[in-house]
Amino acid sequence: MMQGARIERVELRRPDLRSPFPRAFADRLRGQTVTLLTRRGKYLLAILSSGETLVMHLGMSGDFRIDHLAGVSRISAEPGRHDHVAFEMSTLATITFNDPRRFGSMDLLSSADFMAHPVLGSLGPEPLSDEFDALALARACRGKRTSLKVALMDQRVVAGLGNIYVSEALHRARLSPRRRASTTATRSGAPRDSARRLASSIKAVLREAVARHEAYAARPQRRSRFRVYDREGENCLRKNCRGRIKRITQAARSTFYCPVCQR
Ligand SMILES: [Zn+2]
């Protein structure tokens, strides 16, 4: 929708979101082509032909709406109350950023700024990308004395994996959340079998979640249950396992796991 398109005009309807828009924001965006649209963790990134990157964070309530309106003045004369930014694209689409609570943010960074950014410069790979595999996981976990659960919640190890899917992936990989993260790697950082199981389990649970989400959107039904998440005290669903799901707290977040089959 945005990738490959040129930004023809940007309208800012207020001076700030969570923080002020960068200096000359609309002027720096006008005429730029979006060469790549990608995501890092909770950030949406549009890499521009100028070499700058438009970094967008949706905050708590932010959302983009896309309208296809042909005509001279495509940006609505009467915007919605929380429509704060509108991008008029060369594809005749208008992309509007709506954010009632205004916790979202937009920034324009040069590639040097990007690497120096406290979050973006050190974000780990996206779990479903090719960059993320057993080797990447083992290298990130090498020498880490924290638990595997805490390591997987660290955005520098893998980006944007939430609390639910960390529990789900660890159960699928038959690995205890309490196991030390460093045990997935050899001393030189090569992946052990546990790293291979874990990397493929992370990808599998996320792909299943996407498929389930799509199925649910097509035909609403009772959502299928998680393997361990929110199932404290219930029987483990693994075939032939007689364990019961346990809930523990790690780094102030709930972890659900089966103490029998997860080692
Ligand atoms: Zn079990």
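Along the chain, the zinc donors are spaced as C-x4-C-x16-C-x2-C. Those donors are the SG atoms of Cys-236, Cys-241, Cys-258 and Cys-261, sitting at 2.3 Å from the ion. Keep in mind that this is a predicted model.

**Zinc site**
- The arrangement is tetrahedral because the 4 donor atoms around the zinc ion subtend angles of 105 to 115°. For reference, four tetrahedral donors ideally give 109.5 degrees.
- Cys-236 and Cys-261 tie together distant parts of the chain, 25 residues apart: Cys-236 is in the loop between helix H6 (193-218) and strand S9 (246-250), while Cys-261 is in the segment after strand S10 (253-257).
- Cys-236 counts as buried because its relative accessibility is 7%, and Cys-261, at 14%, counts as buried too.

**Arg-231**
- The loop between H6 and S9 also holds Arg-231, which is buried with a relative accessible area of 5%.
- Setting aside neighbours within four places in sequence, Arg-231 touches Arg-225, Phe-226, Leu-237, Ile-245 and Phe-256.

**Aromatic pairs**
- Searching the whole structure turns up 5 aromatic pairs.
- One of them is Phe-21 with Phe-25, a stacked pair at 5.3 Å centre to centre and 25° between the planes. Phe-21 is buried at 10% relative accessible area, and Phe-25 is buried at 2%.
- Phe-226 and Tyr-229 pair up edge-to-face, with 5.6 Å centre to centre and 85° between the planes. Phe-226 is partly exposed, at 22% relative accessible area.
- Phe-226 and Tyr-229 also belong to one aromatic cluster with Tyr-165 and Phe-256.

Conventions
Residues are numbered from 1 along each chain as its sequence is written. This is a predicted model: local features need pLDDT of at least 70, side-chain atom pairs count only at pLDDT 80 or more; totals for chains, interfaces and linings use all residues. Side-chain values use heavy atoms; hydrogens and water are left out. Donors are N, O and S atoms within 2.8 Å of the metal (3.2 Å for Na, K and Ca); water is not among the atoms, so sites may look incomplete. Four donors count as tetrahedral if all angles lie between 85 and 135 degrees; four count as square planar and six as octahedral if opposite donors are over 155 degrees apart and all others between 65 and 115; anything else is irregular. Helices (H or I, at least four residues) and strands (E, at least two) are DSSP runs, numbered from the N terminus. Buried means under 20% relative accessible area, exposed over 50%, partly exposed in between (1.4 Å probe, protein chains only). Contact means heavy atoms within 4.5 Å. Rings of Phe, Tyr and Trp (its six-membered ring) pair if their centres lie within 6.5 Å; planes under 30 degrees apart count as stacked, over 60 as edge-to-face and the rest as tilted.
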